[in-house]
Amino acid sequence: MSGPQYGAQPGGYYNNNNNNNNNNYPPPPPNSYQMNPMPNDGKYGQQPQYGGPPPQQYGNGSGYAPPQGPPPNGYKPPPTDGYGGPPPPDGPPPSYDEAFKVQKPKYNDWWAGLLFLATVAGFVAVSAISLHGYADNRNQNNGSLNGQRNTFGLTTHTIYLFVWVLICAIVLSYAYMWMARKFTKQFIYATGILNIVMGLVTALYMLSRKYYSGGIVFLIFVVLQALFFWSCRSRIPFSTLMLQTAIDVAKVHGHVYLVSAVGGLIGTLFAAYWAITLVAVYVKFEPDPNNAACRNAGGCSSGKVIGLIVFITFAGYWISEWLKNTIHTTVAGIYGSWYFNSRNYPTKVTRGALKRSLTYSFGSISLGSLFIAIINLIRQLAQAAQQNAAQEGDILGTILWCIFGCLIGILDWLVEFINRYAFCHIALYGKAYFAAAKDTWKMIKERGIDALINECLIGPVLTFGATFVAYACGLIAYLYMVYTKPAYNDGGGYTPVVVAFAFLIGLQVCNVFTTPLTSGIDTIFVATAWDPEVLMRDHPDLYHRMVAVYPHVQEAIHA
């Protein structure tokens, strides 16, 4: 008789005799192939033969039974292929849609998708009107770098500046990804050190130029990052292992890097378009007697400039977050296929995962991205208020805005944390956003996988890397403004604005490039929460290496 399908039912963790378990989690995606029949020799005892830990006592009250006794569904360890796992199945591999079927295909959270499309349309409309006004008055805004007649707002000079910022962002982001692939073991240490050094250099240079508000902000970031990195030294070996695993899978399934490259290119092009729109808004609507656009067409006011800048900043955050999360969801489909179907890898995985992200899950991705966009906008406004208070010498206001910014940063971290794992669930199940977030969070907590997540530093490390790129972009923008001395910045009033947006561009571009690495690790954690037996059965080498560097993984997986 044929054995049970891998993953067709979630083993002893979902379908055992735990009658008191009321957690209605969906089963993990099917593996779509059969285990070879095993002789009924009764040799499978209390100790799992696939490398699991000895039976332990668990008292977390979660309702999940520890992996004691024979394996669930009555099967024995399958024969191996020499690498510790079961042999490849016979027959053609399934497609992605066949391996990860959506129970009831429907467009989830469609209202958020429509709102996102409306925001994109609004951004395009603002951009078109602003660029038209910029083009009509290009003679006033062109000229040499510091010899332009425009003395009231951003000009072509700023576009040149943002071009250099984008070049810096894309080169450093590609180099950062290359370093992760080639020097995985040294990657984490190098990221922490480079980030701290770059932030310190930027802060000291700004302070030496008497740009105290920017220098103090950068210095605070450096101190906090140094303290965090020093306190997490013991977690580096486990983090290195998870990063190596993600990169090894990506090397076999090359579409991971293709998605990263294409996504990074799209992110860079959008950043360039957004930067040009930012300059055009100032040129079109900045009220000033010398502004030809106001004299010719009217409709200029400071309130309109502020409102449009806030809108395009919000739209820029939402669009870039949507792009990043679409990449994340697509890559999660690749790693989910590897985890559950490593020996019968489905076909058309990248295409199927991307199609699901752009159709059934489009609204859910838009909704999760909306929350991050709102939080980032609030944090950006708080940083601007903090810089203004520092420039005015308001120490109390500076401290209060700094505290508020820290609180917003904590909220941002929490929502990002939930999004990362919810989108992995959405990639494979196609659930609505809130349902996926609730199920994934509850499962991770009750499985004990949150201990593994807390032990892994890859998310913070890649954030450090993106911050390093952002530091470099901010420094380039500051140096460009200082040494080219544009006419519109005679009093230095536009320096904080330009440096802040350069920092934002560098941060968002690098985040898009590095998303596939975090997506792979996040998906492994979520898949382990769904069905930990697959890790021990199909990926025993990874399981043993995880136990070697972090012995508590046994308790976490079997909690």
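The model is predicted, so local features need pLDDT of at least 70, side-chain atom pairs count only at pLDDT 80 or more, and totals for chains, interfaces and linings use all residues. Residues are numbered from 1 along each chain as its sequence is written, and side-chain values use heavy atoms, with hydrogens and water left out.

**Exercise 1.** Find how H9 and H11 are oriented to each other.

Solution. Start with the elements: helices are DSSP runs of H or I with at least four residues, numbered from the N terminus. H9 covers residues 255–285 and H11 covers residues 302–340. Their axes come within 11 Å and cross at roughly 175°. Axes are lines fitted to C-alpha atoms, for helices over the stretch in contact, and angles run from 0 to 180 degrees between N-to-C directions. Angles under 35 degrees count as roughly parallel, over 145 as roughly antiparallel, 65 to 115 as roughly perpendicular and the rest as oblique. H9 and H11 are therefore roughly antiparallel. Their contact has 19 nonpolar, eight polar and one charged residue. Here Ala, Val, Leu, Ile, Met, Phe, Trp, Tyr, Cys and Pro count as nonpolar, Asp, Glu, Lys and Arg as charged, and the others, Gly among them, as polar.

**Exercise 2.** Describe the crossing of H13 and H14.

Solution. H13 spans residues 362–391, and H14 spans residues 395–429. The two axes come within 9 Å and cross at roughly 165°. H13 and H14 are therefore roughly antiparallel. Their crossing is left-handed (the near helix is turned anticlockwise from the far one by less than a right angle; clockwise is right-handed). The contact holds 17 nonpolar, 10 polar and three charged residues.

**Exercise 3.** Work out how H5 runs relative to H18.

Solution. H5 takes in residues 156–182, and H18 residues 495–530. Their axes come within 9 Å and cross at roughly 30°. That makes H5 roughly parallel to H18. The crossing is right-handed.

Note on methods. Helices (H or I, at least four residues) and strands (E, at least two) are DSSP runs, numbered from the N terminus.
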